[in-house]
Amino acid sequence: MVEFGNLYLVGTPIGNLEDMTGRAIRILQTVDLIAAEDTRHTGRLLQHFQIQTPQISYHDHNRSSREQNLLAQLQTGKNIALVTDAGMPGICDPGYELVKVCGEKGIKVIPIPGVSAAITALAISGFRGDRFCFEGFLNQKAKERQGRLEELKSESRTLIFYEAPHHLLQTLTDLVNAFGPHRPLVMARELTKLYEEIWRGNLGDAQDFYTKNNPRGE
């Protein structure tokens, strides 16, 4: 009887390559295959650490067709590492569906912890971190987005959102409308990178600032 292989969830740096752990490097060197969100992006990471393990793409657009292939290889004893462009797989990135089906099939899933942008931002925010609510990206459809913010009005925990630069001003406007201009806010961009910036103030000030200044970076 063939013993199943392992699926490794490998955290990768969100910007600074020095944040790559020794364990993550070893796992990527020794698995049979790396399933990557963007093989070109991950290829640069592998080249930097002189890792020659072959890659296969696994992202939102090919997840359904790729899943069976990866499961078949795991069931024949192959070890596979799943990585995303940055951070931990499954956190606003592809991964949770594959983890779920591996659990259902009895395939062992092993986490190789790494940096998370959400937790990194929370740690430097100065807001309470013992209880928080991670919302990720809000829905880009106005009605759904505003409906979700209405639901969050009574939420007392620290709220964490992700947003892309080209949607930031609209999101800030919706946050002001939902929570008022005086709600405290910390914005973190380009975390761990050369132009890392932490902005502290309130929602109204942020809306005013980014009305006059184009948002940049992640």
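Tutor: Here we take the terms in turn and test each against its cut-off. Keep in mind that this model is predicted.

Student: What does the protein chain hold in helices and strands?

Tutor: The protein chain has 8 helices and 9 strands. Its C-alpha atoms fill a box of roughly 60 × 35 × 30 Å along the principal axes. Of its 218 residues, 42% count as buried.

Student: Why is Thr42 called buried?

Tutor: Buried means under 20% relative accessible area. Thr42 has 3%, so Thr42 is buried. Thr42 is found in helix H2.

Student: Which residues does Thr42 touch, leaving out those up to four places away in sequence?

Tutor: Thr42 touches Ala36, Gln55, Val83 and Thr84. Each of these counts because a contact means heavy atoms within 4.5 Å.

Student: Which residues of H2 are buried?

Tutor: In H2, residues 39-48, the buried ones are Thr42, Leu45 and Leu46.

Student: How do you know that they line one face of the helix?

Tutor: Look down the axis of H2. The buried residues fall within an arc of 100°, so they line one face. An α-helix has 3.6 residues a turn, so residues three or four places apart point the same way.

Student: What is on the face of H2 turned away from the buried side?

Tutor: That face carries the exposed residues Arg40, Arg44 and Gln47.

Student: What covers the buried residues of H2?

Tutor: The cover includes helix H1 (22-30) and strand S2 (33-36). Strands S3 (55-57) and S4 (80-83) are also part of the cover.

Student: What makes Asp38 a cap for H2?

Tutor: A side-chain oxygen of Asp38 lies 2.9 Å from the backbone nitrogen of Arg40. A polar contact needs N or O atoms within 3.5 Å, so this pair passes. Asp38 caps the N-terminal end of H2.

Student: What follows H2?

Tutor: H2 is followed by Gln50, whose phi is positive, near 55°.

Student: Now the charges. How many salt bridges does the structure hold?

Tutor: The structure holds 14 salt bridges.

Student: Why is the pair Arg128 and Asp130 called a salt bridge?

Tutor: The limit is 4 Å, from a side-chain nitrogen of Lys or Arg to a carboxyl oxygen of Asp or Glu. The closest N and O atoms of Arg128 and Asp130 are 2.3 Å apart, so the pair qualifies.

Student: What about Glu218 and Lys193?

Tutor: Their side chains also meet in a salt bridge, at 3.4 Å, N to O. This pair links distant parts of the chain, 25 residues apart. Glu218 sits in the segment after helix H8 (203-212). Lys193 sits in the loop between strand S8 (184-189) and strand S9 (197-202). Glu218 is exposed, because 63% is over the 50% mark.

Student: What makes Arg128, Asp130 and Arg131 one network?

Tutor: Salt bridges that share partners join them.

Student: Which residues form the nonpolar patch on the surface?

Tutor: Ile91, Ile119, Phe132 and Phe134 form the patch, with about 310 Å² of accessible area together.

Student: Is His182 buried or exposed?

Tutor: His182 has a relative accessible area of 66%. His182 lies in the loop between helix H7 (165-179) and S8.

Student: How far apart are the C-alpha atoms of His182 and Asn202?

Tutor: They are separated by 5.4 Å, though the two residues are 20 apart along the chain.

Key. Residues numbered from 1 in each chain as written. Predicted model: local features only at pLDDT ≥ 70, side-chain atom pairs only at ≥ 80, totals over all residues. Heavy atoms only, no water. Buried < 20%, exposed > 50% of the residue type's maximum accessible area, 1.4 Å probe, protein only. Helix = DSSP H or I, 4+ residues; strand = E, 2+ residues; numbered from the N terminus. Arc of directions from axis to C-beta. Polar contact = N/O pair within 3.5 Å; in protein donor to acceptor, adjacent residues only side chain to side chain. Patch = residues over 30% accessible without salt bridge, like charges linked within 9 Å, V, L, I, M, F, W, Y side chains within 5 Å. Areas by Shrake-Rupley, 256 points an atom, 1.4 Å probe, with all protein chains shown as cover.
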